[in-house]
Amino acid sequence: KTMTDQFNVTLLQQFENNFFSYFNIYLKVKDQLDKQSRKNDYFTDAYHSLSSMVKYSDLQGKTASEAYEYTKNQYSIFFIKNREAFSHYFRTMYRLVTLVTSSDVLKLDRDKMRYIKIIRSQLTEKELLLIYYDIHSSYSGKARQVFYEYNLLKHLPPLSKIEIKFEEENISAFGKTIPQGIV
C-alpha cells in the first residue's frame, strides 16, 4: 500500500473510534432515560404521555393538516415539561448524526449511509415518533434538514403518528378497515 492509502486507513480508523465512542454515549443517554421510566422504556412512556395529551374530541372535525398542527403544538407543551431529558437526548442524537454527515473522512454518501444505518437500526418505533415530532417543532434547529437528508426516519410507521392513529381508530370503530399500504 502507498503512504496515502495507509494514511486514509488510519483516518478511517480514527473516525470509527470516534463514531463508536459517541455511539456508546448515545446508548448510555438512552439507557439513563429508560432507567427513569416505570417500565424501563422511556420512549414508550413518553409517547403514551404525549398521546394522552391529544384527545380525539380535539381532533374531531379537523383536516389532516389541522390535526397535525394541533398534535405538533401538544408536542411543544410536552417538550417544555420534559425539556431536560429530551434536550440532552436530542442534542446527543443530533451530534452523533452530524459526526457522520460532516465527516471529511467519509467522502461518499453511501459511506455515510453505512453509519447512519447503524444509528437507524437502534431506533425504536416510539423513539422514531418522538424524533418526528421534535424535528417538526420549533426546537429542532438544523436537525430536521439533516435527519431528512439522510432518511433517519425511514422506518417510521405513518399509521403510528398520533393524529393518524385517531383517524384509524375512528374508521375501525365504524367497521371499515384501512387498506394496507396507504401512507
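**Reading aromatic pairs**

Modeller: Let us begin with Tyr-75, which counts as buried because its relative accessibility is 0%. Please keep in mind that this is a predicted model.

Colleague: How is a pair of aromatic rings described?

Modeller: A pair of aromatic rings is characterised by how far apart the centres lie and by the angle between the planes. By the rule applied here, there are 21 aromatic pairs. In one of them, the ring centres of Phe-19 and Tyr-115 are 5.1 Å apart and the planes meet at 70°, so this pair is edge-to-face; the cut-off for that class is over 60 degrees.

Colleague: Where in the chain do Phe-19 and Tyr-115 lie?

Modeller: Phe-19 belongs to helix H1 (residues 3-36) and Tyr-115 to helix H6, 96 residues apart, so that the pair links distant parts of the chain.

Colleague: Are Phe-19 and Tyr-115 buried or exposed?

Modeller: Phe-19 is buried, at 0% relative accessibility, and Tyr-115 is buried as well, at 2%.

Colleague: Which class does the pair of Tyr-75 and Phe-78 fall into?

Modeller: The pair is tilted, because the planes stand at 50°, with the ring centres 6.4 Å apart. Tyr-75 and Phe-78 are three residues apart in helix H4 (residues 64-81), and therefore about one helical turn separates them. Phe-78 counts as buried, with 5% relative accessibility.

Colleague: What sits over the ring of Tyr-70?

Modeller: The charged end of Lys-62 does, 5.5 Å from the centre of the ring.

How values were computed: Residues numbered from 1 in each chain as written. Predicted model: local features only at pLDDT ≥ 70, side-chain atom pairs only at ≥ 80, totals over all residues. Heavy atoms only, no water. Phe/Tyr/Trp six-rings, centres within 6.5 Å; stacked < 30°, edge-to-face > 60°. Helix = DSSP H or I, 4+ residues; strand = E, 2+ residues; numbered from the N terminus. Buried < 20%, exposed > 50% of the residue type's maximum accessible area, 1.4 Å probe, protein only. Lys NZ or Arg CZ within 6 Å of the ring centre and 35° of its normal.
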